[in-house]
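Work through the exercises below with the sequence and the coordinates at hand. Each task is followed by a worked solution.

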Amino acid sequence: MPDDRFGRNIHYLRISLTDHCNLRCLYCMPEDMTFRPNAELMQDEEIILLLRLFTSLGFDKIRLTGGEPTIRAHVVDLVHEIAATAGVNSLSMTTNGILLGKLAAPLKEAGLQRVNISLDTLDPTRFKSLTRWGKFEDVWTGIQAAEAVGLTPLKLNMVVVRDHNIDDVVSMANLTYEHDWQMRFIEMMPFAGQTGFQTSLVVSDAEILEMISTKLDQPKLLNQGMLDGEARLYRLPGAKGTLGFISSVTNPFCAGCTRARLTADGKLRLCLLKEKEVDLLTPLRAGATLEDLRAMILDGIWWKPWGHGLAQGEIATNRTMSQIGG
Ligand code: SAM
């Protein structure tokens, strides 16, 4: 498996299946977002070719994301091919859940193992205003469908935004009493497009934890604080599920990062919050050999940035979150 120059073993690839989305979340992109034409995005056979290169290098954990991965044409067939690729041991998806009511069963059958579903509130009116376009009921149906077909353990992602959904933190944490879900609270990060909004309305995980402790109960830290992926886990006394805190802004986990991202337009992005990227799709289309591409990937990984510089005021503004793939 490839190491970077800091000795981190990079084996987890997040592949963005499209930059397009069926929602326009306030913290993710502007409402009048323009998307890339399909011809500029990786085609199915290009995704599979690059995936094979990554697995041949030791990448074994794959997450499909976007944009919204479920709106990609023929997504079930593509998931089937990805799941059947030698070396893929773990295959999950991050989705807004809108289409899971229909797609959960075929995706599971195609070989998808788990989903993380984004949900920022249980209040339908607030849901509509945060996503601009979405219907809460569709996501709730999607969550039930995902659980019913076994796309589990189920994780729910909530980006907490001051003045918008901070009052929902307690009701979201409450879900874990009844459900064996991981309810994850994500600190909002700054990207292009919505940078002012994203930097002015961040709520720290410390504040969220304090709210839960005051209004519900004192959550107990799990695994001695060792991260589960990027989340620090807690459990409320008597709860079936867990609480996860992803403190990317106030307590970054860069030292333990094992990730790289492949954007929908075929760029290898080495750090979510740094602009450095290696273009793989242009050389692939220009006839680069597999050996050339392998060398480009290894070189990119070697030079993976140590971590983000948010504390120093450095913000990567070459892409919105939806264009990178969360
Ligand atoms: N459309 C899918 C979804 O909604 O889950 C996948 C893509 S979305 C960009 C991936 C994750 O990034 C979601 O959980 C979303 O809430 C999160 N996200 C988007 N913008 C963010 C931001 N500025 N800071 C932190 N998380 C963000």
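**Exercise 1.** Is C28 buried or exposed?

Solution. The model is a predicted one. The relative accessibility of C28 is 14%. The cut-off for buried is under 20%, so C28 counts as buried. C25, at 13% relative accessibility, also counts as buried.

**Exercise 2.** Determine how many disulfides the structure holds.

Solution. A search of the whole structure returns zero disulfides. Take C25: the nearest cysteine sulfur is that of C28, 6.1 Å away. A disulfide needs two cysteine sulfur atoms within 2.5 Å, so C25 is in no disulfide. For C28, the nearest cysteine sulfur is that of C25, at 6.1 Å, and C28 is in no disulfide.

**Exercise 3.** Find which residues of helix α2 are buried, and what they pack against.

Solution. Helix α2 spans residues 75-83, and V75, L78, V79 and I82 are buried in it. These residues cover an arc of only 100° around the axis, so they lie on the same side of α2.

**Exercise 4.** Trace the strand pairing through β4.

Solution. Start with β3: it pairs with β4 (residues 114-118) in the parallel sense, over four bridges. Within this pairing, T94 has N116 of β4 as its bridge partner. Together, β3, α3 and β4 form a right-handed β-α-β unit. Next, β4 pairs with β5 (residues 155-160), again in the parallel sense, over three bridges. Here I117 stands opposite L156 of β5.

How values were computed:
Residues numbered from 1 in each chain as written. Predicted model: local features only at pLDDT ≥ 70, side-chain atom pairs only at ≥ 80, totals over all residues. Heavy atoms only, no water. Buried < 20%, exposed > 50% of the residue type's maximum accessible area, 1.4 Å probe, protein only. Helix = DSSP H or I, 4+ residues; strand = E, 2+ residues; numbered from the N terminus. Arc of directions from axis to C-beta. Contact = heavy atoms within 4.5 Å. Pairing = 2+ DSSP bridges. Right-handed = clockwise from strand over helix to strand, strands pointing away.
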